[in-house]
Amino acid sequence: MSVHKDILPPELIKDRGSLHPINHMKDSIMNLLASFGFEITDGPEIETEKFNFDMLNIKKSHPARQMHDTFYVENKLNLLRTHTSPVQIRGMLEKKPPLAFISGGKVYRKDDDATHLPMFHQVEGIYLDENVNFAQLKDLIYKIIYSLFGEDVKLRFRPSYFPFTEPSAEVDILSKEGKWLEILGCGLVNPIVLDNCNINSSKYSGLAFGLGIERIAMLKHGVTDIREFYKSNLDFLRQFK
Amino acid sequence: MKIAYSHLVQHIEENPSIEHLSDNLFQLGHEHEIEDGIFDMEFTPNRGDCLSINGLLRDLAVFYSVNLNQEIHNQKLNELLIDFENLSNDVCPQISFLKIEIDKVPAAYKSSLDNYFSDLALNKNNFFTDISNYLSYETGQPTHCYDAKKISGKLVFHEIERETEFETLLDKKITLMHKDAVFSINNEVINLAGVIGGKRTACSSDTKTVIVECAFFQPEAIIGKSLKYDLHSEASHKFERGVDPDCHDRVLRRFIKIVSEHANIKDMSIISYTYKDRPVNKIPVNVNKVNQILGINISEDDYLMHISRLGFDINKGVIEVPSFRSDVKTQNDLSEEVARVIGYDNIPRAMIDIPKNEKPNNKDIENKLRFFLLDNGFYEVINSPFVGSNSDKSIKVDNPLDSNREYLRTNITNSLLDNLVFNERRQKDSIKLFEISDIYTSKNNEIKKIRRLSIIASGRVGHNHEDFSKKINKKYLTKIFYEALPSEKFDFQLLARDTLNTKSKNEIIGCEVDMDSFSSEVLNYKETSKSPDNFNQYTTISDLPYSKRDLSFSIKDFTKCKSLQDCIFNYEDDLLKEVFIFDYFYNEKNSEIKIGFRFIFQSTNITITETQVSNVMNSIINETQKIKSISIPGLNLL
């Protein structure tokens, strides 16, 4: 068959899919942290109270442990992890300092409204060594935030409270609209937590931090309703190629 | 908690502006919003001591000269004779009672008390309850007022042993549960301790003799009670976070003082019970440790000055923690105090150097598979694990959000089928989805975790002119997966549509595979898709109906093919959502090329009309007709 020299068939544009924007964001952050030296680890989503609360210095009376905040399963034998921190506990029990690892994944809390979902994603990291201090934590957080939002972004550290870190801080960035937006929580690992994991807290200290993936993805992509991420609407997903 | 700027600033010598005060509150970690001179404070749960004017002033004393010496009644008081028994002194290790009789209930309040209600737009109740509420605001210590005339018999504090009916002073009837801490008289509950008083002994506008209860309850005994019984209670909010166990005498003497400013006191007496001594928490002075924790270099003098201004006593090399700071126990806690005073933002960064990690990422195979699926037009989704139906291996959620989310899913495919139906209802004609997730099952109380990949596809193979008329089927999927990943098993199956509420007749093909079953051969796959370099800005999607139009062009001068495509693909209109070539045919015999374009119209805010679509289509046609030797067969018939 002779083919005319001017015939140029239309380009065959192959339909490509896309990563889910939450997984893409999670992977981006994990890869960034891995490039800083953190090892990637994993843990179960179904946890015990011991790992999810007790070992993290979250007292029996803490409101987060109530049935209205935490999903319990199997007649309260276990629970759906409320944060990825239990992975840090498992890691500290398995390994000896110095250690640096991150974990990311699904976590569950008993919320369901326009700004909160019963399932969402976190990335958490921990670094233990001798003489790890708050000034170093600040340096790490600056590096993370600058990598995510550019070096022009303004950020501030605020005192906060987490039972598993002391001192604790929350970090905000200044939006283009001039509003401070909370981005992550961090702090120095509470020596009680180190002791719980049989790590000598008079010799070692550590830093820990945690980021909510949905919140960062919403900011980076300009998504205003968190529920859009989980409708599996192709019109939504195809925007993130 | 709402606190008026004017109520704070009257105790601060420097008379700071609201903005100055706000900045310092933020530095101390006390988040807030300001509206009409009122701070709407949000305290962290460890800082129950700040839930009052005095509490906040104690923290602000590190920046300002603060006067906390509100007047109190400082004369000797008679001992109150009260028939009281504490059967649960673990829950209530300290409690005091004050009895006051006045000659007449005042008709109006002095401005110092009245301003509390007017500035914060609060309703008044009755004289004694109003003072109690004000004192809670001023000192942080909730007190409860019983009408003394309604108290007869032995007052007992105890934890109840069986379900008991109780009517609150807000007329709400609740059934108290086992172990709730209460005050009772003659086996009748008159007060749910630390939460809300009872109707029967409540004060009224006529009450002239009151018994004021001032207690310390262990937070653990109070937590969750107001939520459990759906009671809004500021007292429980404070008791849950911990109150100052050593403030009772001062608070009750302040109560007397305020009463005396409004009425003649005919009689008053007081009694305090302490069942357990509270040891003072002592921490050695160790500025080196603080410097080591924070990575700073503060002098011991500065350190001790900051700490003492926050109310800590320093005695012979030891820091004594005040009774209102039950949250401070360790050097790390003291370091946080110093950091707050210095300002977290004023602590300089110190370079961190984490040793490089050489361990491989154990998700490499999973990531390869994800990109292989992207290359073939599949979209990654994430679904909630909560489902309404169960199998014998399902894990049951003890406290589900609702009955439709009572179990954890035992497969991913059913979630993908829901996603498919969702998209078919939005007129999507080519649907390819995948999800990788951990699946949890339970057998004989043993929980098993399996990581799985589920794939589902239905409709057209694709939207380009070669794929548009082909439908996805088992043979097609098996072929493309085998060609790319010959060593892996994908057992594609035709999935039933019977139970799906959908009009589409397209075959649904899917498979679900354990991630463990994949071999390292997957790593040899060379993907062409990449992770996006940027984070695309999202454009609001529309749930309004689509409208589609097809146009077929006949081209005799083949050099014009490109011009036609450029003309159409560059055409812009707000209603035109998508354009693609769905048909292309070269007819050698007639020396003609035919190209079919599909135009998809949709608005983000209106349901588009035929006329609107036709207007855009006519405009596109007019543009294309400017290109010579291109025609639209049948155009004259339109």
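Two strands count as paired if DSSP finds at least two bridges between them. The model shown in these views is predicted.

**View 1. A mixed five-strand sheet in chain B, from β19 to β24.** The order across this open sheet of 5 strands is β19-β22-β23-β25-β24 in chain B, with mixed pairing. β19 (379-380) and β24 (493-495) of chain B are the edge strands; each has a single partner strand, so one side of each lacks a neighbour in the sheet. β19(B) runs parallel to strand β22 (residues 430-443) of chain B, and 2 bridges link the pair. Within β22(B), B:F434 lies opposite B:E380.

**View 2. A second open sheet in chain B, from β5 to β13.** This sheet also has mixed pairing, and its 5 strands follow the order β5-β8-β11-β12-β13 (chain B). β5 (84-86) and β13 (196-197) of chain B form the edges, each pairing on one side only. Strand β8 (residues 155-159) and strand β11 (residues 181-185), both of chain B, are antiparallel and joined by 5 bridges. B:V156 has B:S184 in β11(B) as its bridge partner.

**View 3. The largest nonpolar core.** This core holds 144 residues. A:L207, B:F217 and B:F255 touch the most other members. Helix α4 (residues 134-149) of chain A supplies the largest share, 7 residues.

**View 4. Surroundings of A:L207.** Neighbours within four places in sequence are left aside here. The contacts of A:L207 are then A:Y127, A:V132, A:Q136, A:L137, A:L140, A:C186, A:L188 and A:V189.

**View 5. The interface between chain A and chain B.** On the chain B side, 96 residues are in contact with 84 residues of chain A. The chain B side comprises 45 nonpolar, 30 polar and 21 charged residues. For the complex, the predictor gives an ipTM of 0.94 and a pTM of 0.89.

**View 6. Domains of chain B.** Chain B is divided into domain 1 (2-60), domain 2 (78-274), domain 3 (283-346), domain 4 (364-524) and domain 5 (547-637). Taken over C-alpha atoms, the centres of domain 2 and domain 5 of chain B are 79 Å apart. Chain B has a mean pLDDT of 94, with 99% of its residues at 70 or more.

Definitions and conventions:
Residues are numbered from 1 along each chain as its sequence is written. Chains are lettered from A and ligands numbered from 1 in the order in which they are written. This is a predicted model: local features need pLDDT of at least 70, side-chain atom pairs count only at pLDDT 80 or more; totals for chains, interfaces and linings use all residues. Two residues are in contact if their C-beta atoms, placed from the backbone, lie within 7 Å. Ala, Val, Leu, Ile, Met, Phe, Trp, Tyr, Cys and Pro count as nonpolar, Asp, Glu, Lys and Arg as charged, and the others, Gly among them, as polar. pLDDT is the predictor's confidence in each residue, from 0 to 100. A nonpolar core is a set of buried Ala, Val, Leu, Ile, Met, Phe, Trp, Tyr and Cys residues joined through C-beta atoms within 7 Å. A residue is buried if 20 or more other C-beta atoms lie within 10 Å of its own, exposed if 12 or fewer, and partly exposed in between; C-beta atoms are placed from the backbone. Helices (H or I, at least four residues) and strands (E, at least two) are DSSP runs, numbered from the N terminus. Domain bounds come from an automatic or database domain assignment.
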